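Please look at the sequence and the structure together before reading on.

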Amino acid sequence: MALPLSLLGMLMRPKKKYQVPLVETVKQSLQDLSIILADDEDIDVDSAMLAIHTLFLTIWTTSWMPQKDNTIPCVTQRCLALRSLRADRSFNHPNTISPEISRLEYPIRLTFLRQIHILATTKYKGNFDLARIEMQPWFTEKVHSPFNTLRSLKHRASAITYNTRSLPRSVWTDRTTWSSMLYKGNSITMGQIQQVFANLEDITCAQWENKVLCGLSIRVDYTSIADDLTNTDVGYSFLTDPRNTMFHSRDRLALAILQDPKLRAHFTIPATDGEGIIWSRPAMQEWLINYSQFSGYQATRTEMLAGAPGRSTELHAMNYCNTPTRTSRNLLALDKYISVMRMYTKTGAITGVDKLIPHGLDAVTADLTIQDLAIARPFAELAVNTCYSNNNKIKHLYKFQLFVNHTKSFEAADLTDIMKRLTLPVLGFGVGINPWCHIHVNFNRKLCPMVDHILEQAEVDTTNIIQYGHGHKVHHGTYGLSHDSLLGLPEDILPEFMDVSTGWQVKGKVVPGQFKYHFNFTNECMLILSFRWYASTIQSSKIPHVPAAATTFSTTSHTINLSSWLHH
């Protein structure tokens, strides 16, 4: 929504020197919107939305013709040009312009989609084909329109980007073990990355135990999870599968809170009629904020530890169960793995076909995800019903989405903020989503090479590359470039995507996703440190002998045999 808002701001903001020439129809639509928004205290939202729609429709159904004194008459193109200006008066590189244009194309298409519905109901007596025919020239290429101009600019920017070899962002300083490099001149080592993972694990577990579970010892034990991958029923996930009886109770946390006198006093207040108690709205709001922080940590762990980072937009919109409009859920139990299934690739809009791109979660993230959805999410839905009883949008968010940010979905900026807070103390500089993708490509390419088999003759993308959500040309020509980046391998079959994720987890010294045992986090410090040490031994060809007494740890829920994991 940033680009449409920028366009509105450019048109409505009072100007001193810089003027934007407008045609009369756009001037009139802009004036109508300004009149509606003039009364700040009593704005008719429906009228304002209709006025904004009319303004955008007028802009994008106008044939803007260049003039001698106005070479950029199209206000959309002018807005794009102004957004690409840098502080030093230069323009951004074409590789940053192409995504901007893509973000503009979707609001344009949505505007025409809404107009088609309006025309179908008001002009064509429900005939959507006639409404589409009337609007189609304005969102079709090769027809003079703002949309066609943007598409032409995008093709030009893409051509320049593909034919321009990017200079290296990274230079390897360790060319033997590939454990250190310079990223934009900043030193970064694999040991520092491992420390970031360790810190993220600590704060995630602490947030779960102290803020989400409120210090209570609650856990759902499981030995295996049944998941029907072909089931497309609305609401289905492995949590609702009748074979997984351990997940069917949805009131564990609520009952535990009510049974604890201190927590009961904090979370409840006397009912207004003097009979019984009701949930305290402020306490529920506070808990939802804490829960959203935990959810953000989990999203960050998924982004950084589940193999290659994909598109963050898709990550934030993942559903853990089937919905009425999306019957392919994103959270799956694949044998010994808990996997998030991504489907987006840059070629999807061209081919019209999504790809199944599974990312295997590490053991801690996987177990916390299961505990979250089985214990905390039902209580979160109760809290939402208490605090936002009339807001169906928020209820839908908590009912279906895997990650929730209080009253909305996460955005890329939210994840970037979390990642920067984690990496700044360790690396000395903050690493967001985009730099992390480049850093991960470099380390993953050298530390986790795989010999893959060809799945499709026409594809030459490896499982590593496909997890990033782009093709091999973009991967090798743009991401993670160093003076040694020349390797390219073919795509492989579905199970090896799990091996890609697991390989990265082992190198990061976290418990890999195929670990079948699960543990209580009450004494996680000792356990996690032990797991990290054992994970580091996987890197050597020989696993050292470990005394039997050192391979078994007791927790409140399980006895964990580390030797069975090491030799699995």
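The notes below cover the cores, the aromatic rings, one arginine and the paired strands.

The model is predicted: local features need pLDDT of at least 70, side-chain atom pairs count only at pLDDT 80 or more, and totals for chains, interfaces and linings use all residues. Residues are numbered from 1 along each chain as its sequence is written, and side-chain values use heavy atoms, with hydrogens and water left out.

**Nonpolar cores**

- A nonpolar core is a set of buried Ala, Val, Leu, Ile, Met, Phe, Trp, Tyr and Cys residues joined through side-chain atoms within 4.5 Å. Buried means under 20% relative accessible area, exposed over 50%, and partly exposed in between (1.4 Å probe, protein chains only).
- The largest nonpolar core holds 88 residues, and Phe267 and Trp287 touch the most other members. Helix H14 (residues 363-387) contributes the most to this core, with 13 residues. Helices (H or I, at least four residues) and strands (E, at least two) are DSSP runs, numbered from the N terminus.
- A second, separate core of 33 residues includes Leu33, Ile59, Ile116 and Leu150.

**Trp287 and the aromatic rings**

- Trp287 is buried, with a relative accessible area of 2%. Leaving aside neighbours within four places in sequence, Trp287 is in contact (heavy atoms within 4.5 Å) with residues including Lys211, Leu253, Phe267 and Phe379.
- Rings of Phe, Tyr and Trp (its six-membered ring) pair if their centres lie within 6.5 Å; planes under 30 degrees apart count as stacked, over 60 as edge-to-face and the rest as tilted. By this rule there are 16 aromatic pairs.
- In one of these pairs, the ring centres of Phe238 and Phe247 are 6.1 Å apart and the planes stand at 55°, so the pair is tilted. Phe238 is buried at 1% relative accessible area, and Phe247 is buried at 4%.
- The rings of Trp287 and Tyr291 have centres 5.2 Å apart and planes at 10°, so this pair is stacked. Trp287 and Tyr291 lie 4 residues apart in helix H11 (residues 281-305), a separation of about one helical turn. Tyr291 is buried, with 0% relative accessibility.
- One aromatic cluster is formed by Trp208, Phe267, Trp279, Trp287, Tyr291, Phe294, Phe379 and Tyr398.

**Arg219**

- Arg219 is found in the loop between helix H8 (190-212) and helix H9 (252-259), and is buried with a relative accessible area of 15%.
- A polar contact is a pair of N or O atoms within 3.5 Å; within protein, one must be able to donate a hydrogen and the other to accept it, and residues adjacent in sequence count only if both atoms are side-chain atoms. The side chain of Arg219 makes such a contact with the side chain of Asp221 (3.0 Å), and another joins the side chains of Arg219 and Asp367 (3.0 Å).

**Paired strands**

- Two strands pair if DSSP finds at least two bridges between them. Strand E6 (residues 331-334) and strand E7 (residues 337-342) are antiparallel, with 4 bridges, and Leu331 stands opposite Val340 in E7.
- E6 and E7 form a hairpin with 2 residues between them, where Asp335 in the turn has a positive phi of about 55°.
- In a regular strand the side chains alternate between the two faces of the sheet. In E6, Leu331 and Ala333 point one way and Leu332 and Leu334 the other way, and all are buried.
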